[in-house]
Amino acid sequence: MNDSWCFFSLSLCIKALLIPAYHSTDFEVHRHWLALTSSLPLSHWYIDTSSPWTLDYPPIFAYFSFLLSLPASLIDPTITDLVAGQNYAAPSAVVFLRLSVAAADLFLLSGAHRLSSRLPPFRRRILLALVIWSPALLIVDHIHFQYNGFFLGILLISLGFMVEGRDLAGGIVFAILICSKHLFMVAAPLYFVYLLRHYCNGEWSRAVARFLVMGLAVGAVFVATFGPFVYYGQIQQVFHRLFPFGRGFIIQTPKASFTGGLVGDSSAFAVLPQINPIITFLLVLLAMSPCLIKAFVRPQPKQIIRWVAYTFTCGFMFGWHVHEKASLHITIPLGIIATDSLADARHYFLLSIVSCYSMFPLLFEPQEYPIKVLLLAIYSVLMWVGFSSLFSNSKAPKPAMEKKVERSGNGTGLVGPVSSCYLLGLVGVEIWGQFLHPYIFGSRFPFLPLMLISFYCAIGMMYSWAWQLKQIIRNS
């Protein structure tokens, strides 16, 4: 545990330095939820509209906000004042909320420690550095402001139980995660299939008994979470807040007219097909089907982290209104297995850079630019040094898959020729957006650099999805 605390303490130093940095409107969102849960009875949490920042997280996170409001009201009562606290960003509020995010990262520390405790010392330290020092997590949580480390910590704790063969505990913790942040439901089909085949196995009576135990345990989590809102007759309102499918882009397609005489009176996007949530749901399910089949045919604890990361990748690539921050659901689990092989290290090296770079537009103020560049650059150097040292000194025999990678022309290096070209292109995209575009176009076409970043990072994420799919199909 000494290594874990050492890495966590060093990360706390960085987080303390980031306290005065820019924060997004998410800061006011979470501050308002502290005020909402402390000022109003539970029956009003999901119907209150006193602020634009209505509560749209599941109830367990609302309970978490209520717990945070207790010390917050003692430190500065205005933080939890529903009226006077609106847009309140006094130093006391900023410091308290920033420290609450850092404290919630203890869940991330716990999950990373559980999954790394049985590894050799050097591999364990690399794993801890990859997860706890993630620059994308620092940017999103400790500058932009969110609690992703808290949620991802719960996910890692669940995966730790699953890897250890403690399926019941893993299922319960995953249910708690869903009731804290419902976007993690993407992995629910995999959890269901895996637990059905791995936990509910054996003779018919034993399988049925275990199925009932798991169902009752997971059901108890959902009853405790949503039961009060069923009692108040608000469950439909809660689900409406959690799944606002009415939100999104409404593109007006003009009706044909022979006499209108109007030219250009339509959206440039009107020619694109309208995609609804049902279509994206089916696409996600179809994309993850190879993984579900693998989990059904041969459920293996050693593969569960890879499978979960792949399901989140499917959700990221084909889901409904996906935010770039959701790539953390992929990179943090993959960081756990990045030291398993050179092929995994290569994939993680590229993916983590793409994921972090995709979040650069979140920090758009000039004073934060050196910070995000420095965080990514230092992390990239640490990955390079760590992976190179690990695999150059490794005496273990290489898996057949890894030998095949070497024969394909990528050699034994960390970055192959294709990845090198891609990363150089990423540098070119950044130079264009920061320097060449403003010089050539001035303030015109401000959306072009963002579109270029999105398109280029989408290529990297598509490559990651295809690579993970290949690994899942090939691994028995």
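The expected span of a helix is taken as 1.5 Å times one less than its number of residues. The model shown in these views is predicted.

**View 1. Helix H13 and its bend at Ser289.** Helix H13 covers residues 277-297, 21 residues in total, and its first and last C-alpha atoms are 29 Å apart, close to the 30 Å expected at 1.5 Å a residue. A bend of about 50 degrees occurs in H13 at Ser289, with a proline, Pro290, following within four residues. The buried residues of H13 are Thr280, Val284, Ala287, Met288, Cys291, Leu292 and Ala295. Their cover includes H10, H14 and helix H20 (447-474). An α-helix has 3.6 residues a turn, so residues three or four places apart point the same way.

**View 2. Helix H9 and the helices packed against its buried residues.** With 12 residues (167-178), H9 reaches 16 Å from first to last C-alpha, close to the 16 Å expected at 1.5 Å a residue. Among the residues buried in H9 are Asp167, Gly170, Phe174 and Ile178. The buried residues of H9 pack against helix H8 (148-163), helix H10 (188-198) and helix H11 (204-231).

View 3. Leaving aside residues up to four places away in sequence, Arg306 touches Ile337, Asp344, Trp467, Gln471 and Asn475. Arg306 and Asp344 form a salt bridge, with the closest N and O atoms 2.9 Å apart. Because Arg306 belongs to H14 and Asp344 to helix H16 (residues 342-358), the pair ties together parts 38 residues apart in sequence. Asp344 is buried, as is Arg306.

View 4. The structure holds 9 salt bridges. In one of them, the side chains of Asp3 and Arg124 meet at 2.9 Å, N to O. Asp3 is buried at 18% relative accessibility, and Arg124 is buried at 18%. A salt bridge is also formed by Lys15 and Asp105, whose closest N and O atoms are 2.7 Å apart.

**View 5. Phe145 and Phe445, two residues with positive phi.** Most residues other than glycine have a negative phi. Phe145 has a phi near 95 degrees and lies in helix H7 (residues 135-145). At 0% relative accessibility, Phe145 is buried. Phe445 has a phi near 50 degrees and is located in the loop between H19 and H20. At 36% relative accessibility, Phe445 is partly exposed.

**View 6. A nonpolar surface patch that includes Tyr439.** Val427, Ile431, Phe435, Leu436, Tyr439 and Ile440 make up this patch of about 640 Å². Tyr439 belongs to helix H19 (residues 417-441). Its relative accessibility of 72% is over the 50% limit, so Tyr439 counts as exposed. For the chain, the accessible surface comes to about 23,000 Å², and 69% of this belongs to carbon and sulfur atoms.

Conventions:
Residues numbered from 1 in each chain as written. Predicted model: local features only at pLDDT ≥ 70, side-chain atom pairs only at ≥ 80, totals over all residues. Heavy atoms only, no water. Contact = heavy atoms within 4.5 Å. Patch = residues over 30% accessible without salt bridge, like charges linked within 9 Å, V, L, I, M, F, W, Y side chains within 5 Å. Areas by Shrake-Rupley, 256 points an atom, 1.4 Å probe, with all protein chains shown as cover. Salt bridge = Lys/Arg side-chain N within 4 Å of Asp/Glu carboxyl O. Helix = DSSP H or I, 4+ residues; strand = E, 2+ residues; numbered from the N terminus. Buried < 20%, exposed > 50% of the residue type's maximum accessible area, 1.4 Å probe, protein only. Bend = angle between axes of the 7 residues up to and from the residue.
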